[in-house]
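Let's take a walk through a protein model together. Have a look at the picture first, and then we'll go through it piece by piece.

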Amino acid sequence: MRGQKSHLDPDVLAEYRAGLITGRRGRRIAAHLDGCAECAGVGDQLAELSALLAALPAPVMPDSVAQRLDAALAAEVARRADAERAGADHSRDRKRAPRPARRPTLQLVMMRVLVPAAAVVVLAAGGYGLSRIVGVQSTSSSAATGSEAEPAPSAVPSAPRAAAAPASGTSFRAAAGTQKSAFTVVSSGTDFLRARLASQLEAALGALAVPASAESPSAQLQACVQRLTSGIKPGIPKLVEHARFQGQPAIVIVANRGTGYAAWVVAPGWVAPGCSATSAGVLDRTTF
Amino acid sequence: MPGADGPPSDTELLHRHVAGDSEAFGELFLRHRDRLWAVALRTVGDPEEAADALQDAMISAFRRAGDFRGESAVTTWLHRIVVNASLDRLRRRAARPAVSSGDEQAFEALVAQDSDPARATDLRLDVDAALQILPPQQRAALLVVDMMGFSVADAAVILDTSPGTVKSRCARARARLLPHVAHLRGNRSASESVSPAQGGDA
């Protein structure tokens, strides 16, 4: 084959330009390019293509992806901290008298995770039963409603409809003693849909002022919520609601992220055993 | 605001992370997140799968940070993990029966989520769509070298192959892409320069 006779294949031209063709074959191609405007033009286009690719604006990471990565990273950080703590507990336990490991370990983890909210946690009872609200806005607003607060913060925060509370929630309160959850959980028959998630969530937040039955979260749900929202300040969820998503039972978690809200829809089956480090149980996420 | 010594280097952040600092990895990842997103999205071609790939990669990097030996830059190491995770996703998708013609939906989603000026977005989407006709390995090579600006040597580390193979994949990718992109650019303006910001009737 002699390059001078027919036009160069773009593949060959591209390889030549990449320095992959040298020697006698390279010299033949160079000679052809000197005398063939068409092939030289293709060579120029190849150069322009590379320049075009380099100049192309990068795609913008959607908010939903950023939120999701934040949540996954927070879960991973928590997982590592848990593992380290579990390792430390384990070695300490071996030195001391043995004790039942599982549940106390979980409580220790939770107490640590909840530390930033500890100052306001006991005041959460002030709003308890008065509204669907779940999170605590701030220390000052809690203090402002202090007169309404239960006089004894150490009292068991049993909901009026405690019978409806899941057994795990009850046992958590009993086991945790003074550890009170920073939020409560409401239930609704809402079927959240992927296509309308943000507008449905806005409506759900609007309904927060309406009194509704609320219950304390299970320890597992608290841990999951803390993990999902730990990348967000103040980190206390605005809404935690048992509902449905695309027709299936789901738990909706909404947190204030300053400029708006971040929401997660998670599967109860992921929460019940204590949400794993992977976000496999997160059915959907959005921001609004 | 960085302190007197300036912000910590990537390597410093990675070392802090390995030493147990719970913030360091997040800071490191945030630095490179947008570029890594571009790599994942353009390699995989679908935002949902790209998010999966990037998350896989992030977790993998988090856990395997102790394996980083400093033979390459941290950013090269991160890109390598993201490209691997993205190609893994593509392999898994290829192993599954096709469910939908994802590309069109994917790019519609991209348009919807984008905040770029419309014209730049148009051109970008044209090129991004054209990129998807390339075989994954060629696309990844072209992406890393031409779009992300890595040297052939660094690209060889990222793609876990030889510099010669990187060059050859890039060459074949450029030749294959050329008719598509030339055609797209021809629609826009006959004497168009390479600048994506320039358009016909702006």
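Predicted model: local features only at pLDDT ≥ 70, side-chain atom pairs only at ≥ 80, totals over all residues.

Residues are numbered from 1 along each chain as its sequence is written, while chains are lettered from A and ligands numbered from 1 in the order in which they are written.

**Overall make-up**

The six strands of an open sheet in chain A come in the order E2-E1-E3-E4-E5-E6, with mixed pairing. At the edges sit E2 (214-215) and E6 (282-287) of chain A, each pairing on one side only. Two strands count as paired if DSSP finds at least two bridges between them. In general, strands of a sheet pair through backbone hydrogen bonds, either parallel or antiparallel.

Here are some of the pairs in chain A:

| Pair | Sense | Bridges |
|---|---|---|
| E3(A) and E4(A) | antiparallel | eight bridges |
| E4(A) and E5(A) | antiparallel | six bridges |
| E5(A) and E6(A) | antiparallel | five bridges |

Zoom in on Ala263(A) in E5(A): its bridge partners include Val254(A) and, in E6(A), Thr286(A). Over in E4(A), Ala250(A) stands opposite Ala243(A).

**Enclosed pieces**

Why is strand E5 (residues 261-266) of chain A largely enclosed by the rest of the structure? Because six of its six residues are buried. One side of E5(A) carries Tyr261(A), Ala263(A) and Val265(A), the other Ala262(A), Trp264(A) and Val266(A), and all are buried. Helix H10 (residues 219-229) of chain A is also largely enclosed, because 11 of its 11 residues are buried.

**The core**

The largest nonpolar core has 108 residues, and Val266(A) and Val82(B) are among those with the most contacts inside it. Such a core is a set of buried Ala, Val, Leu, Ile, Met, Phe, Trp, Tyr and Cys residues joined through C-beta atoms within 7 Å. Helix H2 (residues 24-44) of chain B gives the most to this core, with 10 residues.

Methods
Helix = DSSP H or I, 4+ residues; strand = E, 2+ residues; numbered from the N terminus. Buried ≥ 20, exposed ≤ 12 C-beta atoms within 10 Å, placed from the backbone.
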